Amino acid sequence: MCGIVGFTGKQSAAPILLDGLKKLEYRGYDSAGIAVMDGNTISVSKVRGRIANLCEKTGDGASVPGSTGIGHTRWATHGAPTEENAHPHLSNDGRFAVVHNGIIENYMALREELIRDGYRFQSETDTEVIVHLIEMYYRGNVRDALIKTANRLRGSYALGVICSEEPGRIYAVREASPLILGIGMEENFFASDVTALVNHTRNVVYLEDGEFAELSGDEIRIFDCTGREINKKASRISWDVQAAEKGGYDHFMLKEIMEQPAAVKAAIAPRIKNGKIDFDELGGLVSELPEIRKIVITACGSAYYAGCAGKYALERLCRIPVETQLASELRYSDPLIDGSTLLIVISQSGETADTIAAMKECKSRGARTLAVVNVVGSSIASLADYTVYTWAGPEIAVATTKGYTTQISVLYMLALFFAERLGRLGEDAGGLIGQLQALPRRIQQAIDMNPSIPALAMKYHESRALFFIGRNTDYAVALEGALKMKEISYLHAEAYAAGELKHGTIALIEEHQPVIALCCNPSVMEKTLSNIVEVKSRGAEVLALTFRNNHKILSAADDLLFIPDADALFSAVIEIVPLQLLAYYVAKANGCDIDKPKNLAKSVTVE
Ligand code: AGP
């Protein structure tokens with residue numbers, strides 16, 4: 001959580017920092033601040049709430065002179081979202097300012113030690129120990145002070161530091177939190193995410209754990225944790241500035257929903273060669289496949305639900321048992337995992353703390369690890385034995401949409417790829433690949449064939465609770481449909497396996513209770529139809545998601561959402577689209593802050 005930026009060059013720093021923070025606001029949005037250096041003077045501006053408040057306070061940066069600075073947008077962990085707890089934090093002597101993304105686990109002990117040594121604390125944050133440690137260790141050399149400070153810290157941190165003794169210089173330190181350097185012309189940058197850099201440069205360097213950088217307008221120097229200077233190759237960001245803009249849509253979420261046909265195509269098309277699935281990045285894994293006895297999929301939130309949806313295709317096609325486990329549970333479960341396990345880790349951001357911890361736990365037990373990740377150069381991508389990128393492009397809305405559908409698309413392709421390499425793919429391989437290739441078109445159809453969604457949203461937006469039901473692949477999609485609804489519209493929404501209704505949940509059904517029934521899997525359709533009839537006879541209003549020609553469901557339901565005909569094995573990525581749109585329009589009708597729902601942040605980098 002939290003986003004940090006840094007700039008040094010000839011231009012005025014504050015407007016550049018504010019612009020960068022706006023791009024990172026999805027990472028946290030409860031308070032914000034900048035520290036700008038003008039000559040040897042550091043001035044700090046902080047606010048509660050959004051970056052817009054900081055822009056207002058500083059006249060869009062005009063009231064803060066100086067061409068070197070650091071900035072922060074916060075998702076509070078230690079201490080309430082107040083101005084005092086907002087970053088940057090200053091050292092007692094006013095010489096250093098620090099911004100931090102991450103958590104310092106041993107901050108209590110360090111805080112007590114520093115207080116004993118006479119340091120005064122202004123905030124309740126874990127971060128403040130860092131700036132006092134830097135002051136304590138500073139003997140005229142910032143680099144040495146940073147190394148000594150980093151050696152005392154346990155936890156995760158991406159740090160930005162300025163020192164009034166060194167005008168024109170910014171420092172960036174990385175340990176288990178993302179940090180990227182941007183290389184400009186006579187100006188240089190750092191940021192938690194490339195979205196904050198693309199307005200200025202496409203040339204970036206991904207810092208790795210234990211590395212730190214010293215940036216001035218003319219040069220970037222990078223060091224390892226011992227202070228030894230190292231050379232790192234720059235990478236080029238391939239997507240353009242518009243990819244991180246709203247492009248005429250009211251919200252990033254709506255834009256990202258509409259981008260799904262293209263995003264899924266980008267995930268699938270380059271990996272189909274001569275009528276076969278090919279993953280260049282998995283060359284080494286192919287020879288190990290016969291040793292795999294079990295696949296475990298781990299992730300959090302929607303990424304976990306993507307795993308739940310993908311599991312069906314992997315099991316059906318590869319005939320290997322697949323378990324799905326929440327990363328937050330797996331990490332503490334003493335898992336039965338060894339060298340015969342393939343761990344598939346799914347993450348849009350590649351920075352989710354629980355997912356990283358679960359992955360490390362399973363790696364230490366000998367599992368081979370395959371990461372399905374969107375953000376290039378992220379921690380999970382670097383930690384995995386094998387990484388498959390989803391190529392969804394930047395996803396800004398906190399509620400994932402194209403991130404989720406591209407993750408499932410990659411799982412479908414992995415299922416086909418593994419099955420083919422294991423010799424377990426039947427004669428219909430061509431037909432299955434054809435189904436995959438049709439997904440982008442069918443997602444577009446699912447968008448086009450549901451013009452009634454805004455009107456349906458007006459019918460349901462004041463409901464006290466919404467129940468999503470489905471079986472098999474439909475149940476997996478129901479889980480994500482309910483999460484989408486609750487996280488952006490704040491309606492209570494819960495998914496139930498339809499067959500479980502009679503085991504308790506049906507007690508909640510009363511007159512006019514909305515039930516959203518997913519009926520897209522022919523193998524269980526009749527069963528779900530029975531559940532629809534049962535809830536309807538107890539007064540429920542049923543909104544069914546199904547095919548246009550599915551007459552039995554059409555006549556049983558009160559309202560309808562449609563998907564085009566598709567093989568149920570691969571239909572999750574189509575089914576979810578009308579449910580994303582429904583959640584979007586319900587949230588809009590409720591006046592919610594759709595791209596930045598309350599209490600959430602895009603990447604959950606703390607436990
Ligand atoms: C989904 O809309 C959420 N924002 C959340 O559940 C998310 O999917 C989860 O935190 C996992 O994030 P990741 O994919 O970046 O690891």
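**Notes on the predicted model**

1. Let's start with a lysine pair. The side chains of Lys294 and Glu323 make a polar contact of 3.4 Å (a polar contact being a pair of N or O atoms within 3.5 Å; within protein, one must be able to donate a hydrogen and the other to accept it, and residues adjacent in sequence count only if both atoms are side-chain atoms). Lys294 sits in strand 18, residues 294-299. Is Lys294 buried or exposed? Buried, because its relative accessibility is 18% (buried means under 20% relative accessible area, exposed over 50%, partly exposed in between, with a 1.4 Å probe and protein chains only). Not counting residues up to four places away in sequence, Lys294 touches Ile320, Pro321, Glu323, Leu336, Ser340, Thr341 and Leu342 (contact means heavy atoms within 4.5 Å).

2. A word on how to read all this. The model is predicted, with local features needing pLDDT of at least 70 and side-chain atom pairs counting only at pLDDT 80 or more, while totals for chains, interfaces and linings use all residues. Residues are numbered from 1 along each chain as its sequence is written, and side-chain values use heavy atoms, leaving out hydrogens and water. Helices (H or I, at least four residues) and strands (E, at least two) are DSSP runs, numbered from the N terminus.

3. Now the ligand. Which of the 15 residues around the ligand come nearest? Ser347, Gln348, Ser349, Thr352 and Glu487 do (a residue is near a molecule or strand if one of its heavy atoms lies within 4 Å of it). The shell divides into six nonpolar, seven polar and two charged residues; here Ala, Val, Leu, Ile, Met, Phe, Trp, Tyr, Cys and Pro count as nonpolar, Asp, Glu, Lys and Arg as charged, and the others, Gly among them, as polar. Helix 9 (301-318) and helix 16 (473-489) each supply at least two residues of this shell.

4. A polar side-chain atom of Glu487 is 2.4 Å from a ligand oxygen, and an N or O atom in the side chain of Ser349 is 2.6 Å from an oxygen atom of the ligand. For Ser302, a backbone N or O atom lies 3.2 Å from a ligand oxygen. The protein buries 90% of the 410 Å² that the ligand exposes when taken alone (accessible areas come from the Shrake-Rupley method with a 1.4 Å probe; for residues, only the protein chains shown count as cover).

5. Next, helix 17 (residues 525-536). Its twelve residues reach 16 Å from first C-alpha to last, close to the 16 Å expected at 1.5 Å a residue (the expected span is 1.5 Å times one less than the number of residues). Met525, Thr528, Leu529, Asn531, Ile532, Glu534 and Val535 are buried there. An α-helix has 3.6 residues a turn, so residues three or four places apart point the same way. The buried residues of helix 17 pack against strand 23 (465-470), strand 25 (514-518), strand 26 (541-547) and helix 18 (551-556).

6. Ile553 belongs to helix 18 and counts as buried because its relative accessibility is 0%. Beyond its neighbours within four places in sequence, Ile553 is in contact with Cys519, Met525, Leu529, Ile532, Ala544 and Thr546.

7. Helix 5 (residues 142-152) has Val142, Ala145, Leu146, Ile147 and Thr149 buried. Those buried residues pack against strand 6 (96-104), helix 4 (128-137), strand 7 (155-163), strand 8 (170-175) and strand 12 (212-215). What caps the N-terminal end of helix 5? Asn141 does, with a side-chain oxygen 2.9 Å from the backbone nitrogen of Arg143.

8. Most residues other than glycine have a negative phi, and most peptide bonds are trans. His87 and Pro88 are joined by a cis peptide bond, with omega about 0°; Pro88 is in the loop between strand 4 (68-74) and strand 5 (89-90). Asp334 has a positive phi, near 50°, in the loop between helix 10 (327-330) and strand 20 (341-347), and is exposed at 55% relative accessible area. His512 also has a positive phi, near 70°. His512 lies in the loop between strand 24 (492-497) and strand 25 and is exposed, with a relative accessible area of 53%.
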